[in-house]
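Subject: Structure handover

Hello,

Here is the structure we discussed. Please open it alongside these notes, which go from the single chain to the pair and then to a few details.

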Number of protein chains: 2
Amino acid sequence: MKIDRSRLERSIQDLGRIGETARGGLTRLALTDDDRRARDTMVRWMREAGLHVTVDRMGNIFAERAGEPGQPPVLIGSHIDSVPTGGKYDGQLGVLCGLEILRTLGDRGARTRHPVTLVIFTGEEGARFQPAMIASGVLAGKIALEDAYNARDRDGIRLVDELERIGYLGPEPCVPRAFRAYLELHIEQGPFLEEEGRSVGVVEGIVAIAWSRLTIHGVQDHAGPTPMRIRHDALVAAAEVVAGVRRIASAIGGELVTTVGRLDVSPNIPNAIPGRVSLSIDMRDPSDATLDVALPRLDRVVREACEREGVRYELEHYWRVPYTPFDRQVVAVVERAAQATGASWRRILSGAGHDAQYMAAIGPAGMIFVPSRDGRSHCEEEFTAIDDIEHGANTLLGAVVELAGRA
Amino acid sequence: MKIDRSRLERSIQDLGRIGETARGGLTRLALTDDDRRARDTMVRWMREAGLHVTVDRMGNIFAERAGEPGQPPVLIGSHIDSVPTGGKYDGQLGVLCGLEILRTLGDRGARTRHPVTLVIFTGEEGARFQPAMIASGVLAGKIALEDAYNARDRDGIRLVDELERIGYLGPEPCVPRAFRAYLELHIEQGPFLEEEGRSVGVVEGIVAIAWSRLTIHGVQDHAGPTPMRIRHDALVAAAEVVAGVRRIASAIGGELVTTVGRLDVSPNIPNAIPGRVSLSIDMRDPSDATLDVALPRLDRVVREACEREGVRYELEHYWRVPYTPFDRQVVAVVERAAQATGASWRRILSGAGHDAQYMAAIGPAGMIFVPSRDGRSHCEEEFTAIDDIEHGANTLLGAVVELAGRA
């Protein structure tokens, strides 16, 4: 059994038009009108494929292909929200490959022991509502529904109000549920598969992640008549932190990555000394122990930068996800399926968080990677060749068939 | 003749309510609804004081108290727009002291040879529409009216459309006009008067100013799976520039001040490596020669920071105002008037640009400073004691009376 490559390619193009940017990327933030339009399209395609569609209280969409009564489903999941000026592959590709698996099973009239269910998770990116993976976090019981509902975007709009506004505040409870296995196909978002010329990554686990946020309070003043000797410039301190965060990675080395991705200045005009700067720090490593070393270094970098400039600060380490190993049996199934496609593959770790991370906490989970051109993602240039996508989708199909079993 | 201290204090309080922030500061950006309300209030007060009000094509408001026919007026000017979360003294104080002078002359039925005209300039701060002092720049023939009209705020809204919307696109030409003298009272915005316990600064000139803008193009990518070795992070390069701009001031020393006041990151989310950063650089010194040394250093700082991170950039030195000495006779008149109040005074330079800078290009100009508590301005904590304001206003009154002459 093989997937229909041209049907899959067409779906990627069609869904990719919703929220498309002028330069061919995608801006489809969670629970915006474009997200609603993309959801509506997915639900229509799901129904056309004969699937039973339900929506839960976090707006997660489930499309089930029945198996034998009482059997827990094989879940295939990912997301269709994007970052601003992101690409058409991150998330969307996993959802559309999942749909293609279900369409292929339908074409063949395949009967499986376990139901096969496609899941679209709400707001995986964390670009509009933090933290990232908020809806799988609620489903896994790691984030309280009420906290998720009260997450606010930059304009102060609550997640729950947007869920309701776009018509995806569903009736089903969003709680841990039994499943045979959870599988997610995703772009690698790193350079390794492409560098080694491989089509498929058999993902063994997801690196540990620590997110921190820092607010620096300087003294806002006029940029002209204020002598250098009396300045307390929040941005000068923040710039030292940015440099220090980079130095943490070079000093510790290995696979540790450190990023300041968000930085906001107030009042942010040319002729005022910045009075306040807030910024984010993202640190990741395959080993939790490395983050245990890196976080106190961050504390010191911030303390020293702020002392030197004479500014106050608040530093909060507000989100930490430990290293997530995937289920050994699921990984073995994915490996066999990759092998069977004849494509070149390797085992790999994920440097990015995925909904699979939370799902792994409540059941057996695994992931499949396909290459990212130049290792790039979260940008308009994001691209994966259709040959690689085909190998990845057939790997997913093989793994689903083995895990779902014959009826 | 003395001004009415309690009437002036009341006017400061009343006008200060329009655009007042929760913490007692002021957010009254140019050509917003709050700016319109403040203009309407000023025009009402001007008319109640029996003044003849006209508005020019840049929205500058003129309120004339007649003198002998054919005589050029003594102009008293400043502005009523503010920076975001600014204070109630920057600009507004000069306008209200000017109004108080005209009210006092009216109370006494004083007859002057030269007319005395209060001017409110549009958009002095440059917080919403750049460059700063845009309307006096047009009046002085230094900025083309069309360029000013096409200045856009961050939302892409044109200055001319906002002028029209709030009803201040006047009929009078905005061109150089003859005047006997231009006087502007303003807060010092620096620490010197307060440190020395003086009430009045007799301003000899305005420092030279250079504004530059820098855009850095990095490679936007995912903060997780992108190894440090392949990153080109626009914010890391920008942070080095911020540190380098600070070092230029410490290396050259003297009275040079350097500031990065605005910095915008794209896409500005925690888990994306910044693909683009744009920022402003503001450098000022009493001597043009110092800026001639500082600007090439800035070029080097930017080049080296961007080379190190492997990112492209565009650096533009887009605005330069040379050192502006004020008219020696006007400065001498102000000095005599300060002396006559009995207050403690000193000669001083202005570190901030003012509309007086452009007015000095087309006629005799001078300024009067009053102290800023803790040297602070462009912040909600901006404050000047009423005792100092009274001395400043009486200095302005004395100077106006001498310059306008008896009829």
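Chain A of this predicted model has twelve helices and 16 strands. Its radius of gyration is 22 Å, close to the 22 Å that the globule rule gives for 407 residues, so chain A is as compact as a globular protein of that length. Along the principal axes, the C-alpha atoms of chain A fill a box of roughly 80 × 45 × 40 Å. Of the 407 residues in chain A, 61% are buried. Take the contacts in chain A between residues at least 6 apart in sequence: 79% of them join residues at least 24 apart.

On the interface, 57 residues of chain B are in contact with 58 residues of chain A. Several elements of chain B each supply at least two residues to the side that touches chain A, among them strand 8 (221-222), strand 9 (257-259), strand 10 (263-266) and strand 12 (276-285). Helix 8 of chain B gives the most to that side, with eight residues. Of the interface residues of chain B, 100% are also interface residues in chain A, so the copies meet through the same surface.

The largest nonpolar core has 260 residues. Those with the most contacts inside it are Ala238, Leu396 and Val400, in chain A and in chain B. Leaving aside neighbours within four places in sequence, Val400(B) is in contact with Val74(B), Ile76(B), Ile101(B), Val116(B) and Leu183(B).

Next, helix 2 of chain A. Its 16 residues (33-48) should span 22 Å at 1.5 Å a residue, and the end C-alpha atoms are 23 Å apart, which agrees. Which residues of helix 2 of chain A are buried? They are Asp35(A), Ala38(A), Arg39(A), Met42(A) and Met46(A). Seen down the axis of helix 2 of chain A, the buried residues fall within an arc of 100 degrees, so they line one face of the helix.

What do the buried residues of helix 2 of chain A pack against? The partners in chain A are helix 1 (5-16), strand 1 (52-55), strand 2 (61-65), helix 3 (92-108) and strand 4 (116-121). The face turned away from the buried side carries the exposed residues Arg44(A), Arg47(A) and Glu48(A). Just after helix 2 of chain A, Gly50(A) takes a positive phi of about 80 degrees.

One last site: Arg198(B). It lies in the loop between helix 7 (192-195) and strand 6 (200-206) of chain B. Is Arg198(B) buried or exposed? Arg198(B) is buried, because 21 other C-beta atoms lie within 10 Å and the cut-off for burial is 20 or more. Not counting residues up to four places away in sequence, Arg198(B) touches Leu193(B), Ser344(B), Trp345(B) and Arg346(B). Val257(B) is 59 residues from Arg198(B) along the chain, and the two C-alpha atoms are separated by 23 Å.

Best wishes

Key: Residues numbered from 1 in each chain as written. Chains lettered and ligands numbered in written order. Predicted model: local features only at pLDDT ≥ 70, side-chain atom pairs only at ≥ 80, totals over all residues. Helix = DSSP H or I, 4+ residues; strand = E, 2+ residues; numbered from the N terminus. Expected span 1.5 Å × (residues − 1). Buried ≥ 20, exposed ≤ 12 C-beta atoms within 10 Å, placed from the backbone. Arc of directions from axis to C-beta. Contact = placed C-beta atoms within 7 Å. Core = buried A, V, L, I, M, F, W, Y, C linked by C-beta atoms within 7 Å. Rg over C-alpha atoms; globule rule 2.2 N^0.38 Å.
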